[in-house]
Amino acid sequence: MHRQFTRGRLFMGRLDKGDDLLSALQGKCSELGILQGEVRAIGAVACARIAFYKQSERKYEIVHLSRRLEILTLTGNVSLKGEEIFLHAHVVLGDDEGRAFGGHLVEGTEVFACEFTIQELLTEAPLSRAMDDETGLFLWA
């Protein structure tokens, strides 16, 4: 399955110190009316919560990182889940010893500093998510 998109508006900005990384980025997408697109970010966090999907159990395992980390890369996509704008993002974080930690970004990651880029993608019908019985995940329909 694939669809063709046209590039729409491009936004660049920064989040406020203390913001929740996932909620703030998703909020920016809602505020800007972006129904589908790409999100990227760099910066640093005061603490983080990421998740790993345990395929055999069909559930996410949450990992708490209670320390300051750099956002080495954050990449994600925007689409609809039901009637709501939904940001699906993965993040790689690095510590002061050069170790990297990565996974699915979940709420609870506190921004220290963050610069983001949001690329809107346009198409005739919005891209939406639906439950995929084979994986137990909400994937693009």
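A: Helix 1 comprises twelve residues, 21-32, where helices are DSSP runs of H or I with at least four residues, strands are runs of E with at least two, and both are numbered from the N terminus. From its first C-alpha to its last, helix 1 reaches 17 Å, close to the 16 Å expected at 1.5 Å a residue; the expected span is 1.5 Å times one less than the number of residues. The model is predicted, so local features need pLDDT of at least 70 and side-chain atom pairs count only at pLDDT 80 or more, while totals for chains, interfaces and linings use all residues. Residues are numbered from 1 along each chain as its sequence is written, and side-chain values use heavy atoms, with hydrogens and water left out.

At the start of helix 1, a side-chain oxygen of Asp-20 comes to within 3.3 Å of the backbone nitrogen of Leu-22. This is a polar contact, defined as a pair of N or O atoms within 3.5 Å; within protein, one must be able to donate a hydrogen and the other to accept it, and residues adjacent in sequence count only if both atoms are side-chain atoms.

Leu-21, Leu-22, Ala-24, Leu-25 and Cys-29 are the buried residues of helix 1 (buried means under 20% relative accessible area, exposed over 50% and partly exposed in between, with a 1.4 Å probe and protein chains only). An α-helix has 3.6 residues a turn, so residues three or four places apart point the same way. The cover over the buried residues of helix 1 includes strand 1 (6-15), strand 2, strand 4 (69-81), strand 5, strand 6 and strand 7 (110-122), contact being heavy atoms within 4.5 Å.

Just after helix 1, Gly-33 adopts a positive phi of about 70°. Both Leu-32 and Gly-33 are in contact with Arg-9, a residue of strand 1. The side chain of Arg-9 reaches the backbone oxygen of Leu-32 at 2.8 Å, and it also makes a polar contact with the side chain of Glu-120 at 2.9 Å. Arg-9 and Gln-119 are 110 residues apart in sequence, yet 6.3 Å apart in space, C-alpha to C-alpha. Arg-9 counts as partly exposed because its relative accessibility is 38%.
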